[in-house]
Amino acid sequence: MTDQFGTITWWGFTPALDLQDTDTISALNNLKLDTDEGKDTLNILLIGAGDIRHVLQTIARSYRHKKRKLHFYIIETQCELYCRDLLFMSLFMEPPNRMGLQEKTELFLELYGNLLVRQQSMEYVQKMSNEMIKMVTDFDYLEKKLPFIDFSQLKFKERDFMEGIFKFWRNPDPKLFDVEKMWDLRLQRDLGVRYDTRDNVFDWDYHMRLIEREGDIIHAREYKNWRKYGIAYEPRDGNYDVPNRTLASGVLVKHEGERFAKRGFWGDMLVSPYITFGIQSEDKTLFKKNNNMYAKLSWHVSEFNILSLLHEIINKEKYVPPQIEEAKEKKSATITEITEEEENEEDIKEKSDSTDTASQSNPAKDEYESLPLDDVKITFLPVMSVAELSRKSKYQKLFDIIYFSNSLVHLLTSDLTPIYADAATIIAESARYMLQLKDDKVEDFFQKVKGMAEKAGCQVYEVDEPKKENYLKFTYRRQATR
C-alpha cells in the first residue's frame, strides 16, 4: 500500500463482523453452525485484523446463536497491536462498579481513534498499564484477572517487548511522543506540494472516494477534522491535548547508510477509524435523512454500536436505546442547518446526550476485576507466525474460520490448507475502503484474491459487483483420501 496507509494497522478497513452470523456471511452455512451438526467449539484464526473488532462483536452476539465454545487465535504484524487488544479487552470487561456503559463506550472510542485524548483517559491507560505488565509477566495473575486470555504461545522476547510498551504507555512525559508534530510532518511528506491546499485534497478524497463507497454517513466535517488533526471522537467537552501513546509504534529508518528504530505515529492517515464501527448498524433510525441529509453523524453510529456490544455482553439481549425527549432531540446534532462556511470555521462539537449514572465511578481507585466470560478463549500467537502453523501438529485441521486482512491476504495459499478444518470458511478483507485505489483496482484486487483462493482449493462465492463487497468469502472442503 502507500505511505498514507502506514506501516501498522491500528484499526481495520472494513466494518466489524459477527463471525457466527450466517445471514451476513453466507459462506458460514458450510459449517452448519445453527444445526445439530454444528460444532461444539468453533476455532477462529484472525490474521492481521489490526484490531479486536471481530472478536468483540462475535463474543457480544454469541447468545444469538447455538451455545458453543469460541476459541480465537490472533496473529498480528507487531506486538503493539497485541497490547492494544489487551487494553480494549480489559476495558470491555470492566465491571459496573468501576465504570458504566456510557463511560466505557466513550473511553473506548477516544482511545481507539484519537491521536489526542483527555488527561483522564490517559490516566486510565497509565493505571491499566501496571495491571497489564503483571498480566504478560505473570500467568497466574493473568489467569486471575482475565482467565480467557492466553499469552503462553508468545515468545519470551515478545512478552518482554510488550512489557516495554506498557512501561512507555504509563510514562506521563509528553515529550516522549510529540504526536501533533509527527502527524503534521507526515502530512507534509505525503501530500508534498499539495500540503498548502490540503483542505481541497481532503474534500476530494471525501466526495470522490468515501461517499462513492457508501461511507456518506461519515460527515464531511468529521472526516476533514480527522484528516487535519487525527481526532475522530470528542464525546465530551474537555481538552483533547494529551498524546494517545497507545498509537505509538516503531519503524526502522535508514540514515547515512545505517538503520535505526524511530518511534512515531505510523498508522493510517487516509481511511479513518470510522469505517469499523461507524458506517453500519442494526439500528436503521440512525440513517434517517432530513432534506436528503443524514440527521446523525458517524459518531452516533459508532457510539450506538459500541454501547450495544457492551450491553449485550452483560445482559445477553439486544440493546434498545431509551426514548429521547423532544427537547433533547432538538438539541442533538443537526447537520442540515450548518453551512459550508460554518464547516470551515467550526470544530466538531456534537456530543452525546445520553447520561450514565455510573460515569462518576473511579476505576483508578478500585481494584481491577473483569466481568465473567464463559466459553471464550483468546490465544495470541507469535507475531507473523502464519507459516509456522502448518508445521505444528496441534494446528492440523483445527481452524473452522480463517480471516485475512487485505494486507496479509497474500498468505492465502495451499501451504495453509493443512490447518483448515475439513469444512472451513475463509473470509478476506476487501480493498473497498483503501481510498487511494480506483474502482478498477478494487475489482482487480477482488479477482486476484479470488484466483489465489481457487488455486488453494477454495470455492468462491460469486458476487454481482465486487467493488461493493466489504469481504470476500470462500469455503473449503477437504477431499477424502482413498
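Visitor: Over residues 10-116, how much of the chain is helix, how much is strand, and how far apart are the end C-alpha atoms?

Guide: This stretch is 33% helix and 14% strand, and its end C-alpha atoms are 15 Å apart. Helices (H or I, at least four residues) and strands (E, at least two) are DSSP runs, numbered from the N terminus. The model is predicted: local features need pLDDT of at least 70, side-chain atom pairs count only at pLDDT 80 or more, and totals for chains, interfaces and linings use all residues. Residues are numbered from 1 along each chain as its sequence is written, and side-chain values use heavy atoms, with hydrogens and water left out.

Visitor: Which feature does UniProt place at residues 10-116?

Guide: The unreviewed UniProt entry gives "domain: DUF4470" for residues 10-116. Positions from that record are in the numbering used here, feature names are shortened, and annotations may be inferred rather than shown by experiment.

Visitor: What makes helix H1 mostly covered?

Guide: In H1 (residues 53-60), eight of the eight residues are buried, that is, under 20% relative accessible area, where over 50% is exposed and the range in between is partly exposed (1.4 Å probe, protein chains only).

Visitor: Why are H2 and H3 called roughly antiparallel?

Guide: The axes of H2 (residues 79-92) and H3 (residues 101-113) cross at roughly 170° and come within 10 Å. Axes are lines fitted to C-alpha atoms, for helices over the stretch in contact, and angles run from 0 to 180 degrees between N-to-C directions. Angles under 35 degrees count as roughly parallel, over 145 as roughly antiparallel, 65 to 115 as roughly perpendicular, and the rest as oblique. H2 and H3 are therefore roughly antiparallel. Arg84, Leu87, Phe88, Leu91 and Phe92 of H2 meet Lys104, Leu107, Phe108, Leu111 and Tyr112 of H3, with contact meaning heavy atoms within 4.5 Å. These residues divide into eight nonpolar, no polar and two charged. Ala, Val, Leu, Ile, Met, Phe, Trp, Tyr, Cys and Pro count as nonpolar, Asp, Glu, Lys and Arg as charged, and the others, Gly among them, as polar.

Visitor: How do you know that H3 and H11 are oblique to each other?

Guide: The axes of H3 and H11 cross at roughly 125° and come within 9 Å; the pair is therefore oblique. Among the contact residues are Leu101, Phe108 and Leu109 of H3, and Trp299, Ile306 and Leu310 of H11. The contact comprises eight nonpolar, four polar and three charged residues.

Visitor: What makes H8 oblique to H9?

Guide: H8 (residues 198-210) and H9 (residues 220-229) pack at an angle of about 130°, with axes 10 Å apart. That angle makes H8 oblique to H9. Their crossing is right-handed. The contact includes Val201, Phe202 and Asp205 of H8, and Tyr223 and Arg227 of H9. By class, it has six nonpolar, no polar and six charged residues.

Visitor: Why is Arg227 called buried?

Guide: Arg227 of H9 has a relative accessible area of 0% and is therefore buried. Beyond four places in sequence, its contacts include Gln4, Trp183, Asp205 and Met269.

Visitor: How do you know whether Ser298 and Ile401 are buried or exposed?

Guide: Ser298, in H11 (residues 298-315), is at 0% relative accessibility and so counts as buried. Its contacts beyond four places are Ile217, Ile218, Glu222, Tyr274 and Gly278. Ile401, in strand E11 (residues 399-404), is likewise buried at 0%. Residues touching Ile401 include Leu19, Leu28, Ile44 and Ile427.

Methods
Left-handed = near helix turned anticlockwise from the far one by under 90°.
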